[in-house]
Amino acid sequence: MFPAQFFESAGNGKVRCLLCPHECLIAEGKTGICKARKNQNGKLRTLVYNKVAALHSDPIEKKPLYHFYPGKMILSIGEAGCNFNCPFCQNHHISQASPEDYNNFSYINPDLLAEQASKIPGNIGVAYTYNEPVIFYEFMSDCAVAVKNSGLKNVVVSNGFINPEPLKRLLPFIDAFNIDLKAFSENFYQKQAGGKLQPVLETLKTIVKSGKHLEVTNLVIPGLNDDSEEFKSMVKWIKTELGSDVPLHLSRYFPAYHADYPPTPLSILENLFLLASEYLNFVYIGNIGETDYSATICPSCKKTIIKRNRYDIWITSLQEKINCGYCGRKIVAENQ
Ligand code: SF4
């Protein structure tokens, strides 16, 4: 077990973990909600340093990131455990597993991961994804340093449930984020995820203020978070607090884990797409196969810049890999 950062002694041999807003009070020999951090003799240890449950080279569009190195590949790594417990999680086999019980780990150190990433032709860097990377914070941070030192990019795909100080320390090493905004309701976050909305909103604002590239994903689940008034409040908040150029990915829900209600009807996704497009410049629908809803259209001249069919992409016209080739408007993140 490796030493964990961000904790304090809480008396009687207990420790309080300060990595995420749960701030678990952990007794000797016990783990926190994420099951990835354990109190050992009054010190907090991470159970997931160096461990790998999934390691694949993925299209960057799969994260999803549509405005960051479009068409490129990224080596993607995940572990086991999560600080949320969503009943509809698509990756529940690793996210809801206890790292102490998970018996399919392989092992890698940060330098080796960076070396592996730099040897894959056309690979832009490493994405921390599949399960919640905040819960393997120490390993992610060390990998991010090694990857950055190799001249590659770091991407974090997260639920955004992290305390301000660890986020602040991680930011200098990360180039792009995709953050899940699961709903615009504290009730949803408490009942469906076992978390809270407000800290996620703070994370989103901090990332935008830092100037790092941000895209947002909203998994639309019928009857749970598809209320049009609540959704409108969410997209208005994104426009006001994050800016109208932050891409929003509406993702179609399919039954998974404990959730067995039917998949999201396309009509619901289309209605929310139209509503979001009144406020935001780049809105997409994912998880629905080939569709025009995944194309990037220049908000200024209305020409199609990037067409997509799942993970196949066609860039029709981008100047300097960043701006619309027809009118020059900025489309893609500047740090290309
Ligand atoms: S990271 Fe894990 S142990 Fe720490 S506060 Fe969050 S859920 Fe609890």
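Strand E17 and strand E18 (residues 304–309) run antiparallel and are joined by two bridges. Strands (E, at least two residues) and helices (H or I, at least four) are DSSP runs, numbered from the N terminus. The model is predicted: local features need pLDDT of at least 70, side-chain atom pairs count only at pLDDT 80 or more, and totals for chains, interfaces and linings use all residues. Residues are numbered from 1 along each chain as its sequence is written, and side-chain values use heavy atoms, with hydrogens and water left out.

Ile-297 has Thr-304 of E18 as its bridge partner. E17 and E18 belong to an open sheet of three strands, in the order E17-E18-E19, with antiparallel pairing. Strand E17 (296–297) and strand E19 (312–315) are at the edges, each with a single partner strand, so one side of each lacks a neighbour in the sheet. Two strands pair if DSSP finds at least two bridges between them.

Another open sheet of three strands has the order E1-E6-E5, and its pairing is antiparallel. Its edge strands are strand E1 (2–3) and strand E5 (37–40), each of which pairs on one side only. E5 is joined to strand E6 (residues 43–46) by four bridges, and the two run antiparallel. Here Asn-39 stands opposite Leu-44 in E6.

Strand E14 (residues 213–220) and E15 run parallel, joined by five bridges. Val-220 stands opposite Arg-252 in E15. Strand E15 (residues 248–252) is mostly covered, with five of its five residues buried. Buried means under 20% relative accessible area, exposed over 50%, and partly exposed in between (1.4 Å probe, protein chains only). Leu-248, Leu-250 and Arg-252 lie on one side of E15, and His-249 and Ser-251 on the other; all are buried.

Beyond four places in sequence, Tyr-128 contacts residues including Ile-77, Phe-136, Met-140, Val-147 and Val-156. Contact means heavy atoms within 4.5 Å.

Helix packing was examined next. Helix H7 (residues 228–242) packs against helix H8 (residues 266–277) at an angle of about 35°, with axes 10 Å apart. Axes are lines fitted to C-alpha atoms, for helices over the stretch in contact; angles run from 0 to 180 degrees between N-to-C directions. Ser-228, Phe-231, Lys-232 and Val-235 of H7 make the contact with Leu-272, Leu-275 and Ala-276 of H8. By class, this contact has five nonpolar, one polar and one charged residues. Ala, Val, Leu, Ile, Met, Phe, Trp, Tyr, Cys and Pro count as nonpolar, Asp, Glu, Lys and Arg as charged, and the others, Gly among them, as polar.

The axes of helix H6 (residues 197–210) and H7 come within 10 Å and cross at roughly 35°. Leu-201, Leu-204, Lys-205 and Val-208 in H6 meet Trp-237, Glu-241 and Leu-242 in H7. The residues of this contact divide into five nonpolar, no polar and two charged.
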